[in-house]
Amino acid sequence: MKLDRSLQKEILNVAAENYPSPIFSELYPIEQIVGEDLLVANLKYLEQHNLIEKNSIARSLDGIYSINQVTITHHGMDFLADD
């Protein structure tokens, strides 16, 4: 399974530390550890749950995903605060 709760929490924590600014290069060390496929899958999951802003992940016509700037949403901040 590509979904990893600890990875998702790490992504949200990094995004929260940089809020309201988006993150991009801050994801590079995470990607080096877990790989692009796992990072993209978990970003997509967070996006689908409105914990990060839409369009954080883009998919080209040939099916290749790319990571854009990632910004945590108010839902993501509340999720981390356990509200």
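Leu80 is partly exposed, with a relative accessible area of 29%; the label covers values between buried (under 20%) and exposed (over 50%), using a 1.4 Å probe and protein chains only. Before going on, note that this is a predicted model, where local features need pLDDT of at least 70, side-chain atom pairs count only at pLDDT 80 or more, and totals for chains, interfaces and linings use all residues. Residues are numbered from 1 along each chain as its sequence is written, and side-chain values use heavy atoms, leaving out hydrogens and water.

So where does Leu80 sit? You'll find Leu80 in helix H4 (residues 74-81). Helices (H or I, at least four residues) and strands (E, at least two) are DSSP runs, numbered from the N terminus. Leaving aside neighbours within four places in sequence, Leu80 is in contact (heavy atoms within 4.5 Å) with Leu12, Asn13, Ala16 and Ile72. Ile64 is another story: Leu80 and Ile64 are 16 residues apart in sequence, yet 30 Å apart in space, C-alpha to C-alpha.

Now zoom out. The chain has four helices and two strands, and from the N terminus they run α-α-α-β-β-α. With 83 residues, a compact globule would have a radius of gyration near 12 Å, and the chain agrees because it has 12 Å; this radius is taken over C-alpha atoms, and the rule is 2.2 Å times the number of residues to the power 0.38. Of the contacts with a separation of 6 or more, 53% are between residues 24 or more positions apart.

What about the inside? Buried residues make up 31% of the 83. A nonpolar core is a set of buried Ala, Val, Leu, Ile, Met, Phe, Trp, Tyr and Cys residues joined through side-chain atoms within 4.5 Å. The largest one here has 18 residues, and Ile11, Leu27, Leu39, Leu43, Ile67 and Val70 touch the most other members. Helix H1 (5-18) and H3 are the elements that give two or more residues to this core, and H1 gives the most, with five. Take Ile11: beyond its neighbours within four places in sequence, Ile11 is in contact with Ile23, Leu27, Leu39, Asn42, Leu43 and Leu46.

One last stop is Ser56, in the loop between helix H3 (36-48) and strand S1 (57-59). Is Ser56 buried or exposed? Ser56 is buried, with a relative accessible area of 0%. Setting aside neighbours within four places in sequence, Ser56 has contacts that include Glu47, Ser66 and Ile67.
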